[in-house]
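Please walk through the following chain from its overall make-up down to single residues. The terms are defined where they are used.

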Amino acid sequence: MSRREKNILFKISKIILSLVMIISLFDISSINTYATEVEEEQETEEIVDSSEETEETEETSELVTYTAEAGDIKVSVETYSDALPENAELVATLYDEDSDEYSEASDIIELDDDSSMVALDILFMVDGEEVEPTQEVSVTIDASAVIDEDVDASTIEVQHLEENDNNITPTLVADSQEESEGTITDAIAEFTVDSFSTFTITWSAGGGGNTKRQQITATTYLTGTSTTIGSGNTTISANSGTTVDLTSSNSDLAIDGYTLTSAKITYNGTTYDATDITVEISVSTTGQGWQQTTTTTYTVTYTDSSGTTHNLVSNSQTSPTITIALYYTPDPSITISEDSGNDTDGYTLSAKTDSYYDYDTDDDGTSDIIWSLDNDSKATITDNSDGTITVK
């Protein structure tokens, strides 16, 4: 090694030694404390900045509620103002039961015969164009005006018919059985979605078990004719698990001025004369959610002319069906009027059916009473010894 190289190496060694001595003069813990303080200060600044950004977002984006009505159904949507354009409008359209859209929705959710449904299209429009929210929104549908109070609340469901890749899939978005994230209380549904299209609301006409109400319909005729009387159809609403009496003792079958006297039951194309008719109703439910199927079974028990009892069974999922015809006879109805100003000149009586009628004339007991029937024939009059007159 040359002298020059040795001098250079000696100078470098001195510089290194000087640096080591300088560093040893500092408190290492102080350096670490300073570094920590700097780091914490930076983090605090970041938190403050983030808080300021959040406050700024809340100030610029407020909760907005949009409302619309579809027939008697009320719809409201709540979201932040930045989720939709400022001039967005909520539109709800109720589909008519005869429309293709209603039929398609019914097929998609596989609506059963014992359930009812309303279908409506919900969307946002801006300048004639449909738009979707940029974030999830809260939806409330109030269907209390179209769903009767006596329905089984547990059967009410809201389905969203979502469109994906030209396919429509029903999604349960609200119910009262905790099968979805949405809820339904008093026929008011609340749920969240991030897009809009067709929504269906379904329910059954009564409660499960002994609370589900069903209807029995019988046609009412004038005895010996095909002429309907009263409303033409007598409908009785009854609970599942109960038996309905279809005889004259049932006040629900009463028609003013007539008496129920006979009945006929048609089952699988054959008609039977019947008396003492009773109908037992039972309801069973299978499946869950929109795949739920409810079957109503009617067991008709009647007595034939020989006194033999028979049972006929029909349900809403299979045939044959059972039809019931009730026949009524007019009650006796007689109108009495004097032919002239004194009791002895006679009376005119009008009646709509053959009957006995006793009338005390309170005069001399003469039998000069004329009774005109609908066909203008004469009645047989008997002067009784007790002061009454029998008109036959």
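Helices (H or I, at least four residues) and strands (E, at least two) are DSSP runs, numbered from the N terminus. On this basis, Glu 178 lies in the loop between β8 (167–175) and β9 (182–185). The model is a predicted one, in which local features need pLDDT of at least 70, side-chain atom pairs count only at pLDDT 80 or more, and totals for chains, interfaces and linings use all residues. Residues are numbered from 1 along each chain as its sequence is written, and side-chain values use heavy atoms, with hydrogens and water left out.

The chain contains three helices and 25 strands. Its mean pLDDT (the predictor's confidence in each residue, from 0 to 100) is 75, and 62% of the residues reach 70 or more. Over residues 340–345 the pLDDT is below 50, and beyond near neighbours in sequence this stretch has eight contacts in the model, a contact being heavy atoms within 4.5 Å. The pLDDT also stays under 50 over residues 366–378, for which the model has 40 contacts beyond four places in sequence.

Of the chain's contacts with a separation of 6 or more, 55% are between residues 24 or more positions apart. The accessible surface, computed by the Shrake-Rupley method with a 1.4 Å probe and, for residues, with only the protein chains shown counting as cover, comes to about 23700 Å² for the chain. Carbon and sulfur atoms hold 45% of that surface. Residues are classed by relative accessible area: buried means under 20%, exposed over 50%, and partly exposed in between (1.4 Å probe, protein chains only). Buried residues make up 33% of the 392 residues in the chain.

In soluble globular proteins, nonpolar side chains tend to be buried together. A nonpolar core is here a set of buried Ala, Val, Leu, Ile, Met, Phe, Trp, Tyr and Cys residues joined through side-chain atoms within 4.5 Å. The largest such core has 34 residues, and those with the most contacts inside it are Ile 122, Val 158, Phe 191, Phe 196 and Ile 201. The elements that give two or more residues to this core include β1 (63–70), β2 (73–80), β3 (89–94) and β11 (198–204). The largest share, five residues, comes from β4. Leaving aside neighbours within four places in sequence, Ile 201 is in contact with residues including Ile 73, Met 117, Leu 120, Ile 141, Ile 156 and Val 158. A second, separate core of 22 residues includes Ala 263, Ala 274, Val 279 and Tyr 302.

Thr 303 is placed in strand β17 (residues 293–303). Is Thr 303 buried or exposed? At 15% relative accessibility, Thr 303 counts as buried. Beyond four places in sequence, its contacts are Asp 273, Ala 274, Thr 275, Asp 276, Thr 308 and Thr 309.

Side chains of opposite charge can pair when their charged atoms come close. With a salt bridge taken as a side-chain nitrogen of Lys or Arg within 4 Å of a carboxyl oxygen of Asp or Glu, a search of the whole structure finds one. Lys 264 forms a salt bridge with Asp 273, with the closest N and O atoms 2.4 Å apart. Lys 264 is partly exposed, at 30% relative accessibility, and Asp 273 is partly exposed as well, at 47%.

Glu 110 has a positive phi of about 55° and is not a glycine either. Glu 110 lies in the loop between α3 (100–109) and β4 (115–126) and is exposed, with a relative accessible area of 53%.

Thr 227 is in the loop between β12 (213–222) and β13 (228–239) and is partly exposed, with a relative accessible area of 44%. Thr 227 and Tyr 327 are 100 residues apart in sequence and 9.8 Å apart in space, C-alpha to C-alpha.
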